[in-house]
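Subject: Structure for you to look at

Hi,

Here is the structure I promised to pass on. My notes follow below it.

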Amino acid sequence: MTTERAFPPRVTAAERVAVEAGFENSCLPEVGRLLGLAAAAKPNGVVAESGTGSGVGTAWLRSGLGAGARLVTVERDEDLARRAAGVFADDDRVDVLTGDWRLLEQYAPFDVFFCDGGGKRDDPERVVELLAPGGLLILDDFTPSPHWPPRFGGKVDELRLFYLTHPALNATEVLTTPLAATIVAARRL
Ligand SMILES: C[S@@+](CC[C@H](N)C(=O)[O-])C[C@H]1O[C@@H](n2cnc3c(N)ncnc32)[C@H](O)[C@@H]1O
């Protein structure tokens with residue numbers, strides 16, 4: 001008897017690609033479940049991801065993708081983008097772009113935006129602007145902080161504070177594991 005919940009097959013395929021490519025920055029399964037949930041909440045939506053990596057986060061997003069939705073992801077590393085594109089080659093709802101994250105702008109506004117490579121740190125205001133009203137923003141890889149304002153490395157975490165207090169967002173932080181936090185936000189109408 002197995003005690004582990006099965007992964008969607010395409011997540012397993014993208015994880016295999018990560019191993020082949022030596023890529024070690026894929027999202028955690030706990031974040032992945034959240035990504036699938038967010039995509040499922042917008043069944044006709046535009047779902048976007050910056051930083052495809054090997055396609056693990058993309059595969060989780062796809063696991064919740066509605067028949068009327070589309071998913072676009074961008075990766076600046078050409079080799080990774082090509083490998084990830086192979087995982088989704090048979091699904092015309094999914095586009096894997098090669099280049100800078102700003103290539104995503106032509107598909108905005110986003111109903112779901114997993115901002116994971118490009119934008120998150122270098123242009124957070126633009127990240128918020130690209131969301132549709134009611135659009136969901138997901139940002140992972142934060143270290144849990146018991147303080148308010150949140151702290152990281154002995155200092156106030158200004159980036160996290162920006163998203164958590166942005167006037168256009170309803171935002172909160174969830175623990176995806178005891179050691180990892182994710183910001184989840186919805187853009188106000
Ligand atoms: C944390 S990893 C992505 C992991 C992936 N989203 C997942 O969940 O499995 C970040 C990725 O973003 C890419 N990246 C970083 N800056 C970028 C930019 N400005 N435009 C496009 N991709 C970028 C990196 O090459 C890297 O592959």
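Asp141 is exposed, with a relative accessible area of 59% (exposed means over 50%, using a 1.4 Å probe and protein chains only). Asp141 belongs to strand β5 (strands are DSSP runs of E, at least two residues, numbered from the N terminus). Although not a glycine, Asp141 has a positive phi of about 70 degrees. Most residues other than glycine have a negative phi, and most peptide bonds are trans.

Before you go further, please note that this is a predicted model, where local features need pLDDT of at least 70, side-chain atom pairs count only at pLDDT 80 or more, and totals for chains, interfaces and linings use all residues. Residues are numbered from 1 along each chain as its sequence is written, and side-chain values use heavy atoms, with hydrogens and water left out.

Two cis peptide bonds are worth a look. One runs from Ala108 to Pro109, with omega near 5 degrees, and Pro109 is in the loop between β3 (94-98) and β4 (110-115). Another joins Trp148 and Pro149, with omega about -5 degrees; Pro149 sits in the loop between β5 (131-142) and β6 (151-152).

Now the ligand. Among the 20 residues around it, Glu49, Gly51, Glu75, Trp101 and Asp116 come nearest (a residue counts as near if one of its heavy atoms lies within 4 Å). A polar side-chain atom of Glu75 is 2.6 Å from a ligand oxygen atom, while one of Glu49 is 2.9 Å from a ligand nitrogen atom.

Best wishes

Terms used:
Polar contact = N/O pair within 3.5 Å; in protein donor to acceptor, adjacent residues only side chain to side chain. Helix = DSSP H or I, 4+ residues; strand = E, 2+ residues; numbered from the N terminus. Buried < 20%, exposed > 50% of the residue type's maximum accessible area, 1.4 Å probe, protein only.
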